[in-house]
Amino acid sequence: MTTFLFDKTIFGPVRSRRLGISLGINLLPNDSKFCSYNCVYCECGWNGEDKTFRPQLPSRETVKDLLEKKLKQMVADGELPDVITFAGNGEPTLHPDFPLIIDDTLELRDMLTPKARVAVLSNSTMTHKPSVVEALKKVDDNILKLDSGIEKTIRVMNKPTGYFSLEKMIGYLMSFEGKLIIQTLFLRGEHNKNRFDNTSEEELEAWIAALKKIKPEKVMIYSIDRDTPEENLIKVSSEELYDIAQKAESQLGIPFEVSA
Ligand code: SF4
């Protein structure tokens, strides 16, 4: 497979049909992945084998400095970002200064590009930390991953690297009191002789039941688009994604967005 890693702390801007002009922030290393999940579909590839790996993360000061320079340059060039997005080579909320970096980013955004939204793409695994929850509540688009309402499936698809309880995670997601967007990747395939298909009736029932408890403001669904570390995966078609969205929307009454 071709592994895709961001080689900078501030990357882009990239133009996307959905987000517009998006400036990215990668709080993880620039040459390796660091994540609390090890998803079978991760575009960054598998996690490293070394369980004691402690990555070099950019400091809070470095991120603030680089972001300020980049935003000033974008203002001077007349190319303002529509969104500043925390994504990159792993899970951004693992950065120990994540809450302070969010404060810095919101301050710089307000000062230099007040119309830009601030978005975070997170896998939800650090939502047991009150400081992370408080920081995520401050951003405009708090996008949190939930690929299944069945723990066994998450263990195969997302492969949590530490302690994991889906029941507890759903409780933490409920604590956002609706100020969150859930993002779900639909997929079928096999990994380590375990078959999975999070589009089955049983799966959709459990996923919708979890969404009923979490009450997100929106749900975004998609399937794989690039190379994946596990080869035995089957992309879910856009027709199926639209069917899933329609079915869930009629039961939940919240907006769904399909990226096909
Ligand atoms: S949560 Fe994201 S970065 Fe982490 S393994 Fe999954 S896809 Fe990769």
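Strand E7 (residues 187–191) runs antiparallel to E8 and is joined to E8 by 4 bridges. In this pair, Arg-188 stands opposite Asp-197. Strands count as paired if DSSP finds at least two bridges between them.

## What the model is

This is a predicted model, where local features need pLDDT of at least 70 and side-chain atom pairs count only at pLDDT 80 or more, while totals for chains, interfaces and linings use all residues. Residues are numbered from 1 along each chain as its sequence is written.

The protein holds 7 helices and 11 strands (DSSP runs numbered from the N terminus: helices are H or I with at least four residues, strands are E with at least two). Its radius of gyration is 18 Å, which agrees with the value near 18 Å for a compact globule of 260 residues (taken over C-alpha atoms; the rule is 2.2 Å times the number of residues to the power 0.38). The C-alpha trace spans about 50 × 45 × 35 Å along its principal axes.

Take the contacts between residues at least 6 apart in sequence, and 75% of them join residues at least 24 apart; a contact needs C-beta atoms, placed from the backbone, within 7 Å.

## The eight-stranded sheet

The other sheet is open too, with 8 strands in the order E1-E2-E3-E4-E5-E6-E9-E11 and mixed pairing. E1 (10–16) and E11 (256–259) are the edge strands, each with a single partner, so one side of each lacks a neighbour in the sheet. Neighbouring strands are turned by 25° against each other on average, direction ignored.

Strand E4 (residues 117–122) pairs with E5 (residues 141–145) in the parallel sense over 4 bridges, and Ala-119 faces Asp-141 there. E5 in turn pairs parallel with E6 over 3 bridges, with Gln-183 as the bridge partner of Lys-145. Next along, E6 and E9 (residues 218–222) are parallel over 5 bridges, and Ile-181 stands opposite Lys-218.

E6 (residues 181–185) is largely enclosed by the rest of the structure, because 5 of its 5 residues are buried. Both faces are covered, with Ile-181, Gln-183 and Leu-185 on one side and Ile-182 and Thr-184 on the other.

Ile-182 also shows up in the largest nonpolar core, where Leu-27 and Ile-182 touch the most other members among 61 residues (a core is a set of buried Ala, Val, Leu, Ile, Met, Phe, Trp, Tyr and Cys residues joined through C-beta atoms within 7 Å). Leaving out residues up to four places away in sequence, Ile-182 touches Leu-144, Leu-146, Leu-211, Ile-214, Pro-216 and Val-219.

## Helices H5 and H6

The axes of H5 (residues 166–174) and H6 (residues 201–214) come within 8 Å and cross at roughly 35°. Ile-170, Leu-173 and Met-174 in H5 meet Ala-210, Lys-213 and Ile-214 in H6.

Key: Contact = placed C-beta atoms within 7 Å. Axes fitted to C-alpha atoms, helices over the stretch in contact; angles between N-to-C directions. Buried ≥ 20, exposed ≤ 12 C-beta atoms within 10 Å, placed from the backbone.
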